[in-house]
Amino acid sequence: MKLVVFISGRGSNLAALLKNQAQNGYEVAHVISNKASALGLEIAQEHGVNNSHIVWTDRNQGEQHATEILNQVKPDLIVLAGFMKVLSAEFVAQFENKIINIHPSLLPLYPGLNTHQRAINDGQTTHGASVHLVDDQLDHGLVLSQCHIAIEPSDTAESLAKKLISKEHKLLTETVKMIAQGVLTWHNGLEYSNEPLKQAMVIDSPDM
Ligand code: GRF
């Protein structure tokens with residue numbers, strides 16, 4: 001399965017995807033960043049993966065350039081991994097059901113920014129991350145998988161981000177692996193091995 005990964009920064013989720021790509025049955029064919037300085041572009045380079053910086057000051061222009069690349073590469077799946085731009089409904093419609101995003105909250109809770117602080121402010125005791133299909137609303141489409149962490153009274157937004165990130169890596173790579181293997185699918189709703197799934201897959205590390 002061929003992937004194009006969109007990033008905006010550090011690229012630790014991209015690095016996790018790259019680490020096990022051969023045995024997981026997928027290949028990162030191209031990395032697109034809206035930031036020239038994104039560390040993730042260096043990671044792509046180190047792995048010999050084609051990569052492009054796309055100027056995104058104007059969304060139409062950015063999306064047009066991205067569409068050209070996608071039409072050339074023809075990925076089976078587009079992965080938004082820390083991509084900090086909102087895609088238009090028109091762009092998403094072109095690649096309907098083919099774009100997934102990793103978001104640091106237990107969706108439908110806390111779409112948007114500052115998810116860790118918002119969870120703390122609400123007195124939540126559990127937090128996590130979600131991988132979901134991208135539709136025309138922000139952090140909104142069908143949730144495919146989630147991982148969880150506990151929020152302790154001493155936690156800050158920073159400590160939660162730190163606790164969550166390694167679990168996010170596992171969540172994203174395991175989810176993409178299941179998609180590549182054809183076991184996790186979404187036709188009339190989410191399915192695992194052709195059986196309907198009522199809820200997102202839970203992919204928690206053993207320490208949870
Ligand atoms: C992750 O926390 C992801 O959930 C969010 O942005 C962050 C990206 O981190 N969407 P990285 O660039 O993959 O290190």
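β9 and β10 are joined by 2 bridges and pair in the antiparallel sense. Glu-191 in this pairing stands opposite Pro-196 in β10. Strands here are DSSP runs of E with at least two residues, helices are runs of H or I with at least four residues, and both are numbered from the N terminus. Two strands count as paired if DSSP finds at least two bridges between them.

Together with β8, these strands make an open sheet of 3 strands in the order β8-β9-β10, with antiparallel pairing. β8 (184–187) and β10 stand at its edges with a single partner strand each, so one side of each has no neighbour in the sheet.

## What kind of model this is

This is a predicted model, in which local features need pLDDT of at least 70 and side-chain atom pairs count only at pLDDT 80 or more, while totals for chains, interfaces and linings use all residues. Residues are numbered from 1 along each chain as its sequence is written, and side-chain values use heavy atoms, with hydrogens and water left out.

## The 8-stranded sheet

Now for the other sheet: 8 strands form an open, mixed sheet in the order β3-β2-β1-β4-β5-β6-β7-β11. β3 and β11 (201–202) are the edge strands, each with a single partner strand, so one side of each is left without a neighbour in the sheet.

Helix α7 packs on this sheet, touching β1, β4, β5, β6, β7 (143–150) and β11. Its direction makes about 150 degrees with that of β7. Contact here means heavy atoms within 4.5 Å. The angle, on a scale from 0 to 180 degrees, is taken between the N-to-C directions of lines fitted to C-alpha atoms, for helices over the stretch in contact.

## A closer look at β5

Strand β5 (residues 99–103) is mostly covered, with 5 of its 5 residues buried. Buried means under 20% relative accessible area, exposed means over 50%, and partly exposed is in between (1.4 Å probe, protein chains only). Ile-99, Asn-101 and His-103 point one way from the strand, while Ile-100 and Ile-102 point the other way.

What are β5's partners like? With β4 (residues 77–80), the pairing is parallel over 3 bridges. To get from β4 to β5, the chain passes through helix α5 (residues 89–94), and this β-α-β crossover is right-handed. That is, with the strands pointing away from the viewer, the path from the first strand over the helix to the second runs clockwise. Val-79 stands opposite Ile-100, and Ile-78 has Ile-99 as its bridge partner.

In helix α3 (residues 39–46), the buried residues are Gly-40, Leu-41, Ile-43 and Ala-44. Seen down the helix axis, they fall within an arc of 155 degrees, so they line one face of α3. The arc is that of the directions from the helix axis to the C-beta atoms.

That buried side packs against β1 (2–7), α1 (12–19), β2 (27–33) and β3 (50–53). On the face turned away from it sit the exposed residues Gln-45 and Glu-46. Just after the helix, Gly-48 takes a positive phi of about 70 degrees.

The largest nonpolar core has 40 residues, of which Val-5, Val-79, Ile-100, Leu-144, Leu-172 and Val-176 touch the most other members. Helix α7 (residues 157–180) gives the most to this core, with 7 residues. A nonpolar core is a set of buried Ala, Val, Leu, Ile, Met, Phe, Trp, Tyr and Cys residues joined through side-chain atoms within 4.5 Å.

Leaving out residues up to four places away in sequence, Val-176 touches Met-1, Leu-3, Leu-17, Tyr-26, Leu-77, Val-79 and Ile-100. A second, separate core holds 19 residues, including Phe-6, Trp-56, Ala-66 and Ile-69.

Most residues other than glycine have a negative phi, and most peptide bonds are trans. Against that background, the peptide bond from Leu-107 to Pro-108 is cis, with omega near 15 degrees. Pro-108 is in the loop between β5 and α6 (115–121).

Asn-97, although not a glycine, has a positive phi of about 65 degrees. Asn-97 belongs to the loop between α5 and β5 and is partly exposed, at 43% relative accessible area. Asn-194 also has a positive phi, near 65 degrees. Asn-194 lies in the loop between β9 (189–192) and β10 (195–196), where its 62% relative accessibility makes it exposed.
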